[in-house]
Every structure is written in C-alpha cells, then in structure tokens.
Amino acid sequence: MSLPAFNMRELIEAGVHFGHKTKRWNPRMAPYIFGVRNDIHIIDLGKTVPMLHQALSALRDVVAQNGRILFVGTKRQAAEPIAEAAKRCGQYYINMRWLGGLLTNWNTIQVSIKTLRKLEEQLAGPNAGFTKKELLSMSRQRDKLEASLGGIKDMGGRPDMIFIIDTNKEELAVKEAQKLGIPLVAIIDSNCSVEGITYPIPGNDDSTRAIRLYCRLISDAVLGGLQQSMVRTGADLGAREDAAEVLAIDEMEGASEGRDSEKKNADTDEGKKKGARGASRGKSAAPAPKKPPMVQVKKAPGKKKED
C-alpha cells in the first residue's frame, strides 16, 4: 500500500524548517541544520523528507503486523492534535501528563485502569445509595484518571512503537521506551538530540500547523497499515462499520481524481464530436433563403352613408 503523499512545499508552508534561536541549539543537531536566518536555525528539509518517509514506512509495517502505536504529546499545542490523530486511526495516546513508570511499571498502571473502569460503571448506573458528596468525589477521581489514562485504557499491553513530539519535554517517555527496547518515532527540533531515537524526524515541534501535519501523516500511515493487514488476512472490509476510516485517504482522493479526469475527458470528446458534426452539416447544406417580411396594410375606414 502507498504511503501518505507529502512534498517539501507542504513542509515549508507548515513551518517545519524553522528551528530555535542559535543560542538554544543542540550541537548534535549540526548535521541537520541548513543555515541561520535572523538568529534562528533553519532545518535542512532535504534530510527531513527521506527520514519522514522512512518513519512512515516503519509505522505502516508495524501496524500491518497488528502492532499498537502510542501517540505522545503533552505540550499545549500538541495535546488536541495528538488525541484527534490517535482516535482517527484507532490507536492510543497520552496528551495530558506522562505518569512515571507508565511503561516500566505496567502492572500498577493496569490497577489504575481497572479503578477507572469501575468508577465509570458506578457513575453510569443509578446512584445505588451514594450521597451527593460521595458522587462528587467519585466524579473528580474519574475525571483525573480519565485525563491521565483515558487514551490507553483499551491498549491492553505495552505499545509496539511510540510516536513522540518534543523529546525534551517527553524525556521520561523516551527513557522508559529505550529501557524496554520499544522503537521510537520522534520529531527532533534544533534544541533536541537524535541519540536513542530509532526514527528521528528533524523539524519544528512548536508550530501548531507543523504538529497537525505530522499527526495527519502518521495517522494516514497507520490507516494504510490497517488496510494492508486486512488485505493480508482476507478480512471483509465492506462488512466493517468503520470501513471509510480504514481506507487510506490518499487512495480515496486518487480514485476520485481519476473519476473526475475520466469524466472531463469524456465531456471533451463529446464536445469535439458535436462540433465536428455541426461543421459537417454546415458545409453540406446551404443556408435556407430568408423569407421577405409580411406587411399588413389596413384599409381606411369608409364614410357613413347619409340618410
């Protein structure tokens, strides 16, 4: 299956090439810096494009083998796009706060997830004798757990690959993944380091437009992997309720563009044929002579006879 389509122009329009100020840079990012403009490092998109393509291919292959992807981005501008992208492709996310030991102490996290499910069941049904104060306390506890664990409560185990935005802020997540040997796909800005990252992607990790572009491409790659997995296993895609979401968006757009071009070509050919027929009729048949206009002459009224 084809990977999500993107080009360098999209990356430039999203501001992917803008790094941090030169005084905040990490010297280990020197190979990925194109130059300096207005005291700001410019990231070399000539290296970003192939590295992003490689990361998307790796994500698609993991999902095609029924792997789980965890989206991580807890900074303010990344929280909403991360959650939307993960829900769009049926994966899991952390967008509020990374709990210490989320991966290395998974058994304890599972206990908290069971507590969250129990609270949801109790609050969804009748009050069952709880007082207003108890209900309020349970609601607050549920909301707190939902914010921290709501995106992974259905994950069922450790993820097979993690996508991270801003490795400096998510340093704890990076260390836990490295300790467990989980592959990492991460956006690396000019103030970060590529060490320990399996698939680094040099780019701006602060721009909202850039973050949304990353999330869209990652979710499209995951959808492509899901489609590839279903084709390999012989699953009936038409029987699924979410078949429209599983289909890769770029393939749907390509099909619609193909239909539009075919229709346009057919209309053009039909117009040419009509023009040719009209021209041939004009040459063979002489124009009919015009009839002279008919003029009606009214008679003058006669004089009345005198008695």
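Reply: The questions below take the labels in turn, starting with the whole chain. Keep in mind that this is a predicted model.

Me: How many helices and strands does the protein chain have?
Reply: The protein chain has 9 helices and 8 strands. Its accessible surface comes to about 18,700 Å². Carbon and sulfur atoms hold 52% of that surface. Of the 307 residues, 41% are buried.

Me: Why is Cys-215 called buried?
Reply: Its relative accessible area is 3%. Buried means under 20%. The value of 3% falls under that cut-off, so Cys-215 is buried. Cys-215 is found in helix α7, residues 208–233.

Me: What does Cys-215 touch, leaving out residues up to four places away in sequence?
Reply: Cys-215 touches Pro-81, Ile-82, Ala-85 and Ile-165. Take Ile-82: Cys-215 and Ile-82 are 133 residues apart along the chain. Their C-alpha atoms are separated by 6.5 Å.

Me: Which residues of helix α3 are buried?
Reply: Helix α3 spans residues 76–88. Its buried residues are Gln-77, Ala-78, Ala-79, Pro-81, Ile-82, Ala-83, Ala-85 and Ala-86. Pro-81, Ile-82 and Ala-85 are also touched by Cys-215.

Me: What covers the buried residues of α3?
Reply: The cover includes β4 (69–72), β5 (92–94), β6 (161–165) and α7. After α3 comes Gly-90, with a positive phi near 70°.

Me: What makes β2 and β3 a pair?
Reply: Pairing takes at least two bridges. Strand β2 (residues 33–37) and β3 are joined by 4 bridges. That meets the cut-off, so they pair. The two strands run antiparallel.

Me: How many residues lie between β2 and β3 in their hairpin?
Reply: There are 2 residues between the strands of this hairpin. Asn-38 is in the loop between β2 and β3. Asp-39 is in that loop as well. Asn-38 has a positive phi of about 55°, although it is not a glycine. Asp-39 is not a glycine either, yet has a positive phi of about 65°.

Me: Why is Asn-38 called exposed?
Reply: Asn-38 has a relative accessible area of 69%. Exposed means over 50%. The value clears that cut-off, so Asn-38 is exposed.

Me: Why does Asp-39 count as partly exposed?
Reply: Its relative accessibility is 44%. Buried is under 20% and exposed is over 50%. A value of 44% lies in between, so Asp-39 counts as partly exposed.

Me: Which residues line the largest pocket?
Reply: The lining is Thr-167, Asn-168, Glu-171, Val-174, Lys-175, Gln-178, Cys-192, Ser-193, Glu-195 and Ile-197. The volume of this pocket is about 180 Å³. Its lining divides into 3 nonpolar, 4 polar and 3 charged residues.

Me: What share of the contacts join residues at least 24 apart?
Reply: The share is 62%, among contacts between residues at least 6 apart in sequence.

Key: Residues numbered from 1 in each chain as written. Predicted model: local features only at pLDDT ≥ 70, side-chain atom pairs only at ≥ 80, totals over all residues. Heavy atoms only, no water. Buried < 20%, exposed > 50% of the residue type's maximum accessible area, 1.4 Å probe, protein only. Contact = heavy atoms within 4.5 Å. Areas by Shrake-Rupley, 256 points an atom, 1.4 Å probe, with all protein chains shown as cover. 1 Å grid on protein atoms, 1.4 Å probe; cavity = no way out; pocket = protein on both sides within 12 Å on 5 of 7 lines; lining within 4 Å. Points joined across faces, edges and corners; volume = space filled by probe spheres on them. Nonpolar A, V, L, I, M, F, W, Y, C, P; charged D, E, K, R; others polar.
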